[in-house]
Number of protein chains: 4
Amino acid sequence: MSLRIGVLGTGMIGQDHIRRLTQVLSGAEVVAVNDIDRSRAEAAAPQGAKVHDTPQALIASDAVEAVVICSWGPAHEEQLLGCIAAGKPVFCEKPLVTSEAAALRVMEAETAFGRRLVQVGFMRRFDADYRRLKAVIDAGSLGAPLLYRSVHRNASVPAGLYTSEMPLNDTLVHDADISRWLLSDEITGVEVRVPRRSSRGGDLRDPTLVLLHTAAGAIVSVEISVNVGYGYDIRGEVSCEDGIAALPNRPAPVVSDRHGIRQAIPEDWRERFIEAYDQEFREWIVAARAGTATGPSTWDGYAATLVADAALRAVDSGRLEPVRMRGKPALYGTPIAAAA
Amino acid sequence: MSLRIGVLGTGMIGQDHIRRLTQVLSGAEVVAVNDIDRSRAEAAAPQGAKVHDTPQALIASDAVEAVVICSWGPAHEEQLLGCIAAGKPVFCEKPLVTSEAAALRVMEAETAFGRRLVQVGFMRRFDADYRRLKAVIDAGSLGAPLLYRSVHRNASVPAGLYTSEMPLNDTLVHDADISRWLLSDEITGVEVRVPRRSSRGGDLRDPTLVLLHTAAGAIVSVEISVNVGYGYDIRGEVSCEDGIAALPNRPAPVVSDRHGIRQAIPEDWRERFIEAYDQEFREWIVAARAGTATGPSTWDGYAATLVADAALRAVDSGRLEPVRMRGKPALYGTPIAAAA
Amino acid sequence: MSLRIGVLGTGMIGQDHIRRLTQVLSGAEVVAVNDIDRSRAEAAAPQGAKVHDTPQALIASDAVEAVVICSWGPAHEEQLLGCIAAGKPVFCEKPLVTSEAAALRVMEAETAFGRRLVQVGFMRRFDADYRRLKAVIDAGSLGAPLLYRSVHRNASVPAGLYTSEMPLNDTLVHDADISRWLLSDEITGVEVRVPRRSSRGGDLRDPTLVLLHTAAGAIVSVEISVNVGYGYDIRGEVSCEDGIAALPNRPAPVVSDRHGIRQAIPEDWRERFIEAYDQEFREWIVAARAGTATGPSTWDGYAATLVADAALRAVDSGRLEPVRMRGKPALYGTPIAAAA
Amino acid sequence: MSLRIGVLGTGMIGQDHIRRLTQVLSGAEVVAVNDIDRSRAEAAAPQGAKVHDTPQALIASDAVEAVVICSWGPAHEEQLLGCIAAGKPVFCEKPLVTSEAAALRVMEAETAFGRRLVQVGFMRRFDADYRRLKAVIDAGSLGAPLLYRSVHRNASVPAGLYTSEMPLNDTLVHDADISRWLLSDEITGVEVRVPRRSSRGGDLRDPTLVLLHTAAGAIVSVEISVNVGYGYDIRGEVSCEDGIAALPNRPAPVVSDRHGIRQAIPEDWRERFIEAYDQEFREWIVAARAGTATGPSTWDGYAATLVADAALRAVDSGRLEPVRMRGKPALYGTPIAAAA
């Protein structure tokens, strides 16, 4: 009765998803794994799971009903196309793919197949705080959203490994996707401003201020800081015509002691979003059992790719770089109308 | 592989637990039900579950590995003793039993059996906010707890059906249990003070102020208000030697509009504690599969019974009514030492 | 045009009030001082102020229009009676007097005089936070107040000098007065409960939990802790029939750093109530210029004396000790009607 | 002994300052007034104050020691130059002057005089919340400021009278000045972005998003919304290298009722900044009595003029418009060094 899942890529995130699928959630079991490093795959495989030599073999296996892709980004396109060809639901970690052209190829394959099969790993959409924020916006009592502020602060990034492109390529995509989702809107242009650098990051370009312009005319300002030291601090605040709505503090005990009246801040994204990851897979399992996908789509992954590309151009040009999306296939829902 | 569960009592709470066990959680299935109203049992039974004519038949059934008791309080003792006699793990909703003598009989049966089988439904212990609060206290950096304040406010109670004994008999038990658990302490005496009544409740004795005295010398003040109208508002604040720790606001969006800067308050206990109920059963299933119980115990149910009895005496006497517990069986952990 | 003030007692608080009257506020000047230690009076006297040998000489001086009493408590009665005999407005620091009999003698003298001349130094009534809280209660939209919680936490008290009577004699009076004022009610009985002692205070009886019963039937619980270490933390929360209103956090910057999201707590009463002291004297000067007094009255000082006396009895008796006030003279406003 | 003040301009703000100087504060008296509408001046003049026919006559009067300018902006330059020529301290409401050339003329006159005489009415610098925020930044424990967010939300503006230039000309100057002061930095460039308009304001360009670039490389984002309806909501948050500091909520009672857990928002700038205005004049009086000025200077007024000019250019050009200040005269303190 459980959904039989194959996992491609058994690095840190792959291992974590295997743990989630086997120990935390119901309705699923991991029956197959593959990794470029076979010994790592063997170590990560749950008891009874088959270790495949190639992604293609795993995808093709009759024992596998649905696939979770946790391999590195450049491998995603081929694996996604394989899953679509096999008609198997697939959860793909970010990034969906690494180029616009690749995103379009996946989208064309899926639309040709005629049913959604792909869910991209934008887990914030499953976070209870974000969902309640969206519910407030969607209820409409605050009027139309005009401005959104997204704050993305990491405690630290690995010195040397983390480059100045990564805030735009890896981090911004979360803010871009959650903005599109919260505002039910599309991003049409990107500007990047670079303030004085934090001395915590050496030569790293950090922090970064990004402005996203939307089809409806809203402006999203994104503050990305990847070396704040004090914790993992995610904030969101929407200014609507008749009021404001913001993410609350995380529900830590309110302690009064010699450091003041205070609440702890999450240490990292794992602590902050652990329930969101669980919920993300809970809903994916339900959809995958029904042979489809319902969460963030190929279209959303395509949008994120275009925004990241535009942001990288914008940091060089210093100008507003347009995001030009192709027409939205009906498979992915109603298009966003541009503002009158 | 799933735990095969029989449910006794298929009223509102029984139906909710059946939903939880069958639709939300993994690792369990409901294979048998019984209710004093057979048609209600039939309506509540999941597909494939057997409807038993008597609680005894359900408990005795080989198909049933563990039991969930949601019948009314007076029926609990016999059902609990039946489960213990059958050696089957049993989850029992509050109240454990309705008299001290009954609690002692269950405790004696369980200690004679020699392994914990009973878990009582004090779901607050599984709430993430309370758990984080306890973690702060237990960490010890704030010093010993001296005072605890527990606030229990219900939006409303059914007029006519809800009597003036119920705040002490049904509501206080939650505050008493969570206080014992948070402070790792036992209650040794109860005082009740009755202020001016709220005009919202007619003749109902409401609110009520209760003082619980503990073995370690801490004092717990409990404010019970069952007709506040505005929501279900649960608060807790512990005053330790070197600082204070309190439950935070619930994580609702922070909205600024013409009503001010504000966060919504839960409407009822279902909204407030839904995750706690899920977690309660998640952990019970793990323990029950191992043939035992790990959450709130018969000892805790016994303590709650004594506190409610003392509170009812105290409201009449106006005095400090002692809570005299028998010696704590080793099965239920280390006894609390009285303050020097 | 300025009010010409004489100050009796030039210890710490007297010096602070001289500073306030001469450097901070308008409309007043200190023209005379007296202290039991003449050299201290000389050091504290502003330029041009006369140093009197006795309180009586200062009070009688034609140059003095109004008097501020900052001497020690046992000297207050004679000085107050002297001011009333001279028909001069007088501000008197807490305690008004040190016995019920003395309070009655002052009250009789003032009522015989026929106009209010005395203001007692309950500065909390002039604090903006408390005033806004009272405004919410008085607006009536939350319904009648049923319970009030007053929390009074001092960072520390001088070891050895601070005795176990002082939380009831010196500290509780603030909570009692502010409760009477917030609830527009009188206190009719006092209970004291003593939990486990804080190890921070050695043998000191600390913390203390006090219950004040009011004429209208409300119950006030007061948590007094005088050695919390972390700051000066004053809290108040009223439970009304239809909602709750509480003092907010002090408006410190919200800092997010490695200690969490936090706001600083005041270090001591000076930091917490400095604006209240200024406002207290601002309003006193206006009334004194008009030859009268408008703030906390002799009646309020009398009530505080009775509550402190009852609290000291209650800590010994363990019982509810009644507070029996004489009939309220019309000079002090409308009496509080007891609950039906 | 009091500072003898002449007030130029007795409209709404002039009348309010006359009330403040005569009824609230000590150490000052209003001895002369002038207004373009003589009857308005006569109505506003305190008892005993002389009504002058011209600003020049008031400034020249021997009875006037210091001047408060509340006339309309275009009249400021001549009045300021008159005060400087007379060597009299002068408080000037915003705007200092209405063109860069005028600002330079005033600055040259004051520097030629050789002592500061002019204080500009940027009252936010005297607000306790902003001062505590600046204290946190200046303490340095959070590291260098990298980003600052200033939110400026008005409940409403007069339809028809309020034009689309005014958010940049009249409103932004407050955010610009407080940013310069908080960050101890100068603004070197301005960008303006215009999102979708709020339907509350009809054709009004509202809200507006402004980016201010500073000499040290910080970026200030300013959200200006002048028709939010729900209140007057002023926010500030600085992102430093090691942490964040933000203005707190205003200290309104925390009410729990059917609208949630909530705090009231100020209705307008008067309610929000009334204490700041008092403190502004309190400090001005002290400096003026000493024949000089210490608050926001001609240099600050000059900077505000340049920023407003640049903002108006930026809204048309869509580009980063530079702010080019002349060298800072020593009279106005140490220049800000540009970032390396």
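1. The model is predicted: local features need pLDDT of at least 70, side-chain atom pairs count only at pLDDT 80 or more, and totals for chains, interfaces and linings use all residues. Residues are numbered from 1 along each chain as its sequence is written, chains are lettered from A and ligands numbered from 1 in the order in which they are written, and side-chain values use heavy atoms, with hydrogens and water left out.

2. The contact (heavy atoms within 4.5 Å) draws 14 residues from chain C and 14 residues from chain A. Polar contacts join 4 residue pairs, both residues at pLDDT 80 or more. A polar contact is a pair of N or O atoms within 3.5 Å; within protein, one must be able to donate a hydrogen and the other to accept it, and residues adjacent in sequence count only if both atoms are side-chain atoms.

3. On the side of chain C that touches chain A, β11 (233-240), β13 (254-257) and β14 (260-263) each supply at least two residues. β14(C) gives the most, with 4 residues. Strands (E, at least two residues) are DSSP runs, numbered from the N terminus.

4. Strand β14 (residues 260-263) of chain A pairs with β14(C) in the antiparallel sense over 3 bridges; two strands pair if DSSP finds at least two bridges between them. C:I261 in β14(C) is the bridge partner of A:Q263.

5. Chain A superposes on chain D by a rotation of 179 degrees with 0.0 Å of shift along its axis (RMSD 0.1 Å). That is the relation of a two-fold axis. The superposition is by least squares on the C-alpha atoms of residues with pLDDT of at least 70 in both.

6. Chain A also holds an open sheet of 6 strands, in the order β3-β2-β1-β4-β5-β6, with parallel pairing. Its edge strands, β3 (50-51) and β6 (118-120), each pair on one side only. Strand β5 (residues 90-92) pairs with β6(A) in the parallel sense over 3 bridges, and A:V120 in β6(A) is the bridge partner of A:C92.
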